[in-house]
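Please view the sequence and the model first.

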Amino acid sequence: MSLLVIAACLAAGGLIGFMGGVLGIGGGLIAIPALVLLMGMSQQLAQGTALIMVLPAITMAVRKYNQQTRIDKRVAAAGAAGAVLFTWVGARLALGIDSGVLRRSFAVFLFFIALFYVWQTWRAGRVAASKQKRKEQGATQTQTQKPARAAPAFTPRRASVLGMLCGTLGGFFGVGGAVLAVPIITSVFRLPQTMAQALALSMVIPGSTIALITYGWAGQANWMVGLPMAIGSLLFVPVGVRLAYKLPERKLRACFALMLFATVALLAFES
C-alpha cells in the first residue's frame, strides 16, 4: 500500500472519528458505504474492515462520555452480556448471504431508524413549543389534568434484552447495535441523548470484538486499510464527544437523522 493511500486512510479515519464522536455511532455507518463506494469492497469486507476502526473508536468515545457523565456500569455490563452471543450469530448470518442483499438490507434498516429520529425530533419540537406557549399565556396545570406518566427505569434486565437485539443487528450489519439502542433508550426510557449514546456504545464493545474476530477469521477484514483509519479516528473522537455535549439535544438528534439519510443515499447509489 502506498504512503498516499495510508495518508488518505488516516484522514478519512479522523473525519469519521470526529463525526462518530458527535453522533455517538462509532463512525461505522459512514465508513462502510465509503469503503464500498471508494474502494470497491464487498459489503461483508467493508463491514469487517470498518470494525477494525470502530472498536477502538467506540472504546475511546465511551471513556470520554464517562468523563462527562458517569455511565451506569451495571446497566452497561448487562447490555453487553446480552449482546455477546447474539453478535456472533448475526455475524455468521451476514457472512452466509449475498453481498447485494446484505447492502440493501442495511439501507432499509438505516432508513427506518432515520425516519424514527425525524419523528422524535419533530415531536420534541412540538412539545417544547407547546410548553413555551402555555408559559407565555400564564397557564398552570389544574387538578383535573393528568400528571405525565413516569418513564420506566432502564434496569440491567431490560438492558440485557436490548443487548440481545442490538447484538444480532450489530453482528449482521457490522454496526447498527448502538444506532438501534439510542432511539429506544431516549424514547422508551427517556434518558438524555448523550447518556443514551454513552450507554449504547458501552453495550456494544464486547459484541463488536466478537464480530471483528468472526469477520477476520472468515477473511473479511482488510487490516492494512482498517488500522490507519483506526489511528486517525482515535485522534479526533475526543473532539467530537466534546462537541456533542455543547450541541442542543434536538440539533444532535437532527444531525443523527441527516447522517443516516446520507448513508442510505450512498448505499442506494452503490446499488
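G226 is found in helix α9, which spans residues 223-244. Helices here are DSSP runs of H or I with at least four residues, strands are runs of E with at least two, and both are numbered from the N terminus. G226 is buried, at a relative accessible area of 0%. Buried means under 20% relative accessible area, exposed means over 50%, and partly exposed lies in between, with a 1.4 Å probe and protein chains only. Setting aside residues up to four places away in sequence, G226 touches T49, I52 and M53. Contact means heavy atoms within 4.5 Å. G226 and S2 are 224 residues apart in sequence and 15 Å apart in space, C-alpha to C-alpha.

The basis is as follows. This is a predicted model, where local features need pLDDT of at least 70 and side-chain atom pairs count only at pLDDT 80 or more, while totals for chains, interfaces and linings use all residues. Residues are numbered from 1 along each chain as its sequence is written, and side-chain values use heavy atoms, with hydrogens and water left out.

## Nonpolar core

The largest nonpolar core has 77 residues. Helix α3, residues 43-68, supplies the largest share of this core, with 12 residues. Such a core is a set of buried Ala, Val, Leu, Ile, Met, Phe, Trp, Tyr and Cys residues joined through side-chain atoms within 4.5 Å. F106, L110, F154, L199, M229 and L260 have the most contacts inside the core. In soluble globular proteins, nonpolar side chains tend to be buried together.

F154 shows the contacts in detail. Not counting residues up to four places away in sequence, F154 touches V75, A159, L162, I185, F189, L191, L199 and M203.

## Helix α7 and its partners

Helix α7 runs over residues 177-187. Nine of its 11 residues are buried, so α7 is mostly covered. Those buried in α7 are G177, A178, V179, L180, A181, V182, P183, I185 and T186.

Two packed helices are described by the angle between their axes and the distance between the axes. Axes are lines fitted to C-alpha atoms, for helices over the stretch in contact, and angles run from 0 to 180 degrees between N-to-C directions.

How do α7 and α8 cross? The axes of α7 and helix α8, residues 193-217, come within 8 Å and cross at roughly 140°. That makes α7 oblique to α8. Angles under 35 degrees count as roughly parallel, over 145 as roughly antiparallel, 65 to 115 as roughly perpendicular, and the rest as oblique. The crossing of α7 and α8 is right-handed. A crossing is right-handed if the near helix is turned clockwise from the far one by less than a right angle, and left-handed if anticlockwise.

From α7, G177, A178, A181, V182, I185 and T186 meet Q193, A196, Q197, L199, A200, L201 and V204 in α8. By class, this contact has nine nonpolar, four polar and no charged residues. Ala, Val, Leu, Ile, Met, Phe, Trp, Tyr, Cys and Pro count as nonpolar, Asp, Glu, Lys and Arg as charged, and the others, Gly among them, as polar.

Helix α6, residues 156-173, also packs on α7: their axes come within 7 Å and cross at roughly 145°. Here L162, L165, C166, L169 and G170 in α6 meet G177, L180, A181, I184 and I185 in α7. The contact of α6 with α7 has eight nonpolar, two polar and no charged residues.

I185 is found in α7. I185 is buried, with a relative accessible area of 0%. Beyond its neighbours within four places in sequence, I185 is in contact with F154, L162, R190, L191, A196, L199 and A200.

R190 lies in the loop between α7 and α8. Its phi is near 55°, a positive value in a residue other than glycine. Most residues other than glycine have a negative phi. R190 is partly exposed, at 46% relative accessibility.

## Further residues

T87 is found in helix α4, residues 73-95. T87 is buried, with a relative accessible area of 3%. Apart from neighbours within four places in sequence, T87 is in contact with G167, T168, G171, G207 and A211.

Q68 sits in α3 and is partly exposed at 44% relative accessibility. R157 sits in α6 and is exposed at 71% relative accessibility.

The table lists C-alpha pairs.

| Pair | Apart along the chain | C-alpha separation |
|---|---|---|
| Q68 and A198 | 130 residues | 10.0 Å |
| R157 and A78 | 79 residues | 6.9 Å |
| I185 and A159 | 26 residues | 9.3 Å |
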